[in-house]
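Colleague: Can you walk me through this one? Start with the ligand, please.

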Amino acid sequence: MRVVSVMNYKGGVGKTTLTANLGAAAAARGLRVLVIDLDPQTNLTFSFFSVEEWHSQLKDGRTIRQWYQGDMPGRDMGLADLVVTPERVNAVIDAEAGRLDLISSHLGLIDIDLELAALLGGATTLEGSKRRYLDLHGCLRQALADSHFQENYDLVLIDCAPNFGLVTKTAIVASELILVPAKADYLSTLGLDYLVGNCAGLVEEFNDYVNHGTGSTNHATIHPSFLGVVFTMVQIYSQQVTLAQQSYIDEVRDGSRVPVLKSVIRNSPKHFGSAGEDGVPAMLRAARADEVVKEFDQLVNEILGALTEARGAHGG
Ligand SMILES: Nc1ncnc2c1ncn2[C@@H]1O[C@H](COP(=O)(O)OP(=O)(O)OP(=O)(O)O)[C@@H](O)[C@H]1O
Ligand SMILES: [Mg+2]
């Protein structure tokens with residue numbers, strides 16, 4: 001099972017659109033996929049469920065908010081109890097083993113970052129505070145290590161909120177790989193090194209606590225790496241990326257510490273403008289011969305290929 005976070009602190013760069021379409025496309029290729037919505041905006045959830053369905057079936061007992069709530073995430077309920085199987089997308093996935101499951105989000109997740117931060121500060125000894133740091137930051141990682149997830153899924157995709165709060169950090173700690181959607185413009189490319197630096201800082205701190213910490217800890221060191229930057233909403237005219245955007249893409253490719261994926265997602269409001277209105281992401285709705293679908297297929301090839309390579313590198 002691979003765990004990949006889709007993150008960027010910049011809002012509106014296409015994180016959720018990528019997560020929904022990649023998850024659905026991977027399931028259509030026969031993978032058992034779990035997508036986790038960690039954004040209080042709940043957009044990923046609404047790519048697969050209608051607002052009415054969410055209210056009647058999920059809101060009161062089956063969202064990730066319930067899991068993060070309480071004295072320690074996951075203490076009162078198992079993560080596996082929150083998994084739901086959206087019907088409409090699964091009805092169009094005709095690969096034999098392929099399946100897409102979801103853990104839904106909730107607007108109330110917005111308060112959880114503060115509650116977790118309060119828990120983080122609650123310990124009275126240095127030992128205790130280190131242990132609490134590891135338990136809180138490592139909570140999602142520990143939950144996903146359970147055999148239920150390991151045996152039932154090939155790929156877990158986590159859609160992060162556009163921030164670097166504690167909930168997002170639990171996703172980074174849980175991930176083997178990080179995928180960063182970005183727009184090809186000045187501000188977006190400027191933020192990338194900052195993001196890489198912050199992730200590196202988190203990894204260093206976590207591992208430091210594991211290595212010089214609390215004596216008996218059940219946490220191991222983490223080594224997430226960047227799968228790459230995916231440029232999204234790219235302007236393409238006569239099969240070519242516009243010059244201005246190409247120069248931003250080249251700048252990141254040559255000058256930043258993150259790899260840049262070859263494939264891009266083009267700007268196409270016709271395809272991506274209405275995020276899965278009918279519960280089925282655009283790339284499973286449109287015709288196979290559609291130019292944009294073919295481009296997205298290339299991206300899926302590239303990402304799944306990189307996941308296989310990473311498996312080799314991580315020896316798992
Ligand atoms: N390739 C694309 N072409 C055209 N529109 C797109 C494309 N990708 C996403 N969009 C649209 O842009 C908006 C933002 O996309 P999305 O919600 O995926 O971004 P996000 O990074 O998840 O945002 P947030 O940070 O708020 O979670 C949405 O309205 C979506 O439908
Ligand atoms: Mg989003």
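Modeller: This is a predicted model. Around ligand 1 there are 19 residues, and the nearest are Lys-15, Thr-16, Thr-17, Arg-266 and Phe-272.

Colleague: What does the side chain of Thr-16 do with ligand 1?

Modeller: The side chain of Thr-16 has an N or O atom 2.8 Å from an oxygen atom of ligand 1.

Colleague: And how far is Asp-39 from an oxygen atom of ligand 1?

Modeller: A polar side-chain atom of Asp-39 is 3.3 Å from an oxygen atom of the ligand. With Phe-272 the backbone is involved: one of its N or O atoms lies 2.6 Å from an oxygen atom of ligand 1.

Colleague: How much of the accessible area of ligand 1 does the protein cover?

Modeller: On its own, ligand 1 has 620 Å² of accessible area, and the protein covers 81% of that. The space that ligand 1 takes up is the largest pocket.

Colleague: Which helices supply at least two residues of the shell?

Modeller: Those are α1, residues 15–28, and α12, residues 269–272. The largest share comes from α1, with 3 residues.

Colleague: How many residues of the shell are nonpolar, polar or charged?

Modeller: The shell has 6 nonpolar, 9 polar and 4 charged residues.

Colleague: New topic, the whole chain. How many helices and strands?

Modeller: The protein chain has 14 helices and 9 strands. Its C-alpha atoms fill a box of roughly 65 × 45 × 35 Å along the principal axes.

Terms used: Residues numbered from 1 in each chain as written. Chains lettered and ligands numbered in written order. Predicted model: local features only at pLDDT ≥ 70, side-chain atom pairs only at ≥ 80, totals over all residues. Heavy atoms only, no water. Near = heavy atom within 4 Å. Polar contact = N/O pair within 3.5 Å; in protein donor to acceptor, adjacent residues only side chain to side chain. Areas by Shrake-Rupley, 256 points an atom, 1.4 Å probe, with all protein chains shown as cover. 1 Å grid on protein atoms, 1.4 Å probe; cavity = no way out; pocket = protein on both sides within 12 Å on 5 of 7 lines; lining within 4 Å. Sits in = over half its atoms within 2 Å of the grid points. Helix = DSSP H or I, 4+ residues; strand = E, 2+ residues; numbered from the N terminus. Nonpolar A, V, L, I, M, F, W, Y, C, P; charged D, E, K, R; others polar.
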